[in-house]
Amino acid sequence: MPVTTIDNRQVNYVYRQHDGPVVVFVNGLTQNTLHWVDYQAFLSKEGVSSLSVDLPGQRQSELPTEAISYTGLADCIAGLLDHLDIETAYFVGLSFGGTVSLQFMLHYPERVTGLISMGGS
């Protein structure tokens, strides 16, 4: 799994790049990138790019030493998108990931093509 450093934290992700639009999958609190494998495989067959990320503290990403706000997690995603040269994307967030996706949309509306928030508050 690729890893990069965002805000001095190692962040793991899976990026399947194609010519189509990008869909970003944001995990629930206890989930990880493995949750989205089948979805990413399906989208790949359709030529759609997809990105899933283990936010700080999830699966293989670095455990934070202090609390990170939802805005801080949205900033982490923005940093990852910058790293991958992704300008805009569709977002799919589940539970905790739905809330993070909503925060991302509030702070970076120009980067959100569409949003599905399942169980986010």
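This is a predicted model: local features need pLDDT of at least 70, side-chain atom pairs count only at pLDDT 80 or more; totals for chains, interfaces and linings use all residues.

Trainee: What makes β1 and β2 a pair?
Mentor: Pairing asks for at least two bridges between two strands. β1 and β2 have four bridges, in the antiparallel sense. Therefore they count as paired. Valine 3 stands opposite asparagine 12 in β2. Threonine 4 faces valine 11, also in β2.

Trainee: Which residues of β1 are on its covered face, and which on the uncovered one?
Mentor: Thr4 and Ile6 are on the covered face. Val3 and Thr5 are on the uncovered one. In a regular strand, side chains alternate between the two faces of the sheet.

Trainee: Why are β1 and β6 said to stand at the edges of the sheet?
Mentor: Look at the order of the six strands: β1-β2-β4-β3-β5-β6, an open sheet with mixed pairing. β1 (3-6) and β6 (112-118) each have a single partner strand, so one side of each has no neighbour in the sheet. Neighbouring strands here are turned by 25° against each other on average, direction ignored.

Trainee: What lies against the sheet?
Mentor: Helix α1 packs on it, touching β2, β3 and β4. The direction of α1 makes about 45° with that of β2. Helix α2 (residues 70-83) lies across β1, β2, β3, β4 and β5 (89-94). α2 runs at about 125° to β1.

Trainee: Which residues of α1 are called buried?
Mentor: In α1 (residues 37-45) they are Gln40, Leu43 and Ser44. Why do they share a side? They cover an arc of only 105° around the axis, which puts them on the same side of α1. An α-helix has 3.6 residues a turn, so residues three or four places apart point the same way.

Trainee: How do you know that Asp38, Phe42 and Lys45 belong to the other group?
Mentor: Exposed means over 50% relative accessible area, buried under 20%. Asp38, Phe42 and Lys45 are exposed, on the other side of α1.

Trainee: What do the buried residues of α1 pack against?
Mentor: Against β2 (9-16), β3 (22-26) and β4 (49-54).

Trainee: And which residue with a positive phi follows α1?
Mentor: Glycine 47, with a phi near 80°.

Terms used. Residues are numbered from 1 along each chain as its sequence is written. Side-chain values use heavy atoms; hydrogens and water are left out. Buried means under 20% relative accessible area, exposed over 50%, partly exposed in between (1.4 Å probe, protein chains only). Helices (H or I, at least four residues) and strands (E, at least two) are DSSP runs, numbered from the N terminus. The arc is that of the directions from the helix axis to the C-beta atoms. Contact means heavy atoms within 4.5 Å. Axes are lines fitted to C-alpha atoms, for helices over the stretch in contact, and angles run from 0 to 180 degrees between N-to-C directions.
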